[in-house]
Amino acid sequence: MLLKKYTIPDEVSCVTKTLKNAGFKAFLVGGCVRDLLIGRTPKDWDVATDADPKKITELFPSTFYENDYGTVGVVNETEDPKLKIVEVTPFRIEGAYSDARRPDKVAFSDSLEEDLKRRDFTINAIALDQREDGSVSIIDPYDGQGDTLRGIVRAVGDPCERFAEDGLRLLRAVRIASELGFKIEEKTRQAILKKAHILQKISAERIRDEFIRILMSDRPDDGIEMAQKLGILKHFIPELEEGIGVEQNKAHAFDVWTHLMKTLRHSNSKKWPLDIRLAALFHDIAKPMTRRKNPKTGEWTFYGHDVVGSRVTRVVLDRLKFPKDTVDKVVKLVRWHMFFSDTELITLSAVRRMINNVGRENIWDLMNVRACDRIGTGRPKESPYRLRKYKAMVEEAMKDPVSVSMLKINGGTIMKTANIPPGPKIGHILHALLEEVLEDPGLNSVDYLEKRAVELSKMPEDELKKIGEKGKEKKDELEEKDIDEIRKKYWVK
Ligand code: ATP
Ligand code: MG
C-alpha cells in the first residue's frame, strides 16, 4: 500500500532528522502512521528510536521526561497544539506483565522489530522511515497496511496473551474501531469475549478516557453496542445493560436500550458536546428499575425514572472519575429531561421555574437533549410546534425586562444629585430618562444621566409626569415587539 497523499510537518521531520544526523535510527510509529495511510489527520506524532532517553535529551534544546517508559517530549516552538510536543520513545522490549496493567520492567532495545512486536494492534504497529531525498519506506511486519485497507482491528501476536498483559487494550480495540469505523477481527473478538473481565483491573481514569473517545467518535452508539456485545460494558457501566429488552408502551417503538442508543446517535448527528452525549445516553437509565404495570390499564409506568436516573447517573460518573462540573451538569439534564412542554397548559412562570431548576446556563442544552430524545423515540421531527413554542417561552422568560433598572443611575443617586426628597417625582424622572435612553442607548452614562436628572427635576411635576408616561408606553411597546420577534423566530404564535 502506498501513501498517496501525505504531509509530515517540518516540526516532526526535524526531530527524526536530528536523531539520524547523530547516528541513530528514527521512525514514525503508531497512530500517526495509521492515520496517514487512511488519510486522517493524526492526533499526535510519535517517534521511536534506538537512542536512550539521556541521548535524546542531549540532542534537543527543550525537552522533558514524560513517563516511566523512557518517553521524552520534544518541545517545538509552534502554535499548533498537535506539534507542540513530539513524543520520542526509545525502542522497547517489555518484560512480563503480572498485574494486567503495566509491564514489571521496561527494557530498551536497539531493534525496531522488537518495538513493533509489543504494540497492541497491527494497524498501530507500522513504522515509517523518511529518507533524505524525501521519499518514505514502510516497515510493516504484521500486515498492518492490509488490515488498514480492509478496515480491521487485529491484535499483534496471540490476542489472548496481549489482552492478558494489558486490559486497557480491550477498550482500546473498541475505541479505535468506533473512531475509524473498523471491524474487530474474529480471533481478536473471541479473545476480548474471553478476557473481558480483565478490564476490572484497569483504573477508572484510563477507562473514562477511552469511554469519552467512544462517545465523541462518529459512531458512538456502534461503539457502546460493540462494548456490550463483547462483554466489556458490564465491567464499567453495568447499569446501562439493564435496559436491554425492557419494553415500553405503544408510544415507544423501541426497548429502553435501543432507545438510548438511538438518542445517543442523534446527539452525534448534531455534533453535540460531551455533556449532551452523556445525558442522551443516560437519560432513561433508571427506567428498568422504576417500571411498574398499571393494574387498571395494563400499561407500563416509569414514575420517578428522572429522579432515580439522575442519582444513578451521578453514581456512574463519579465512579468513572468525571470532573465535578460535568457530573453536576449531566445529572441536572437527566433530572429535568421530562419537563412538561404542553404549551397550551403551562404558563410563563412554570417555564421560569424550569429555567431555575436546570439553570440558565443549561436550559438550551436541556432543549437539545429533548430533541435527541424525540428522535431516539422514532418521532419524525426534532422540534414540533409545541417544542418550538416552549423554546419561544424560554427565550421570553430569559430576556432581561426593559425597565428603569437598565439605567446607569438609580433613584438614590437622583435624590442626592438633584437634591429632592423621596416621592413619585423620582419615578417620573427615571421613566423620562428611560425614554431618552431607549431612543439613543449612547446616552446611558452616569455623567449624562446625572446632569439630565438635575435638569428634569426643575420641571413642573405634571409636565414631568407626562414625559414619564411616554417612557412607560415606549417600554411596553418595545417589549411587545421583542416578544413578537422571538415568536417569529420559532415560527409560533
Ligand atoms: P491516537 O493518537 O489517535 O490516540 P494512537 O493509536 O496513536 O491513537 P496512542 O495512545 O497515541 O494511540 O498510542 C501510540 C501508539 O502506542 C499506538 O498506536 C500503539 O502502537 C502503542 N500503544 C498505545 N497504547 C498501547 C497499549 N496499551 N498496548 C500496546 N501498545 C500501545
Ligand atoms: Mg497517537
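User: In which helix does Glu436 lie?

Analyst: Glu436 lies in helix 22, residues 424-439. Helices are DSSP runs of H or I with at least four residues, strands are runs of E with at least two, and both are numbered from the N terminus. This is a predicted model: local features need pLDDT of at least 70, side-chain atom pairs count only at pLDDT 80 or more, and totals for chains, interfaces and linings use all residues. Residues are numbered from 1 along each chain as its sequence is written, and side-chain values use heavy atoms, with hydrogens and water left out.

User: Why is Glu436 called buried?

Analyst: Its relative accessible area is 18%. Buried means under 20%, exposed over 50%, partly exposed in between (1.4 Å probe, protein chains only). So Glu436 counts as buried.

User: Which residues is Glu436 in contact with, leaving aside neighbours within four places in sequence?

Analyst: Leu443, Tyr448 and Arg452. Contact means heavy atoms within 4.5 Å.

User: Why does Phe64 count as partly exposed?

Analyst: Phe64 has 34% relative accessibility, so it falls in the partly exposed class. This residue is found in strand 3.

User: Where does strand 3 sit in its sheet?

Analyst: Strand 3 (63-65) is an edge strand, like strand 9 (136-139): each pairs on one side only. Two strands pair if DSSP finds at least two bridges between them. The sheet is open, with 7 strands in the order 3-4-5-2-1-8-9 and mixed pairing.

User: What makes strand 8 and strand 9 a pair?

Analyst: 4 bridges join strand 8 (residues 127-130) to strand 9, and the two run antiparallel. Within them, Gln130 stands opposite Val136.

Key
Chains lettered and ligands numbered in written order.
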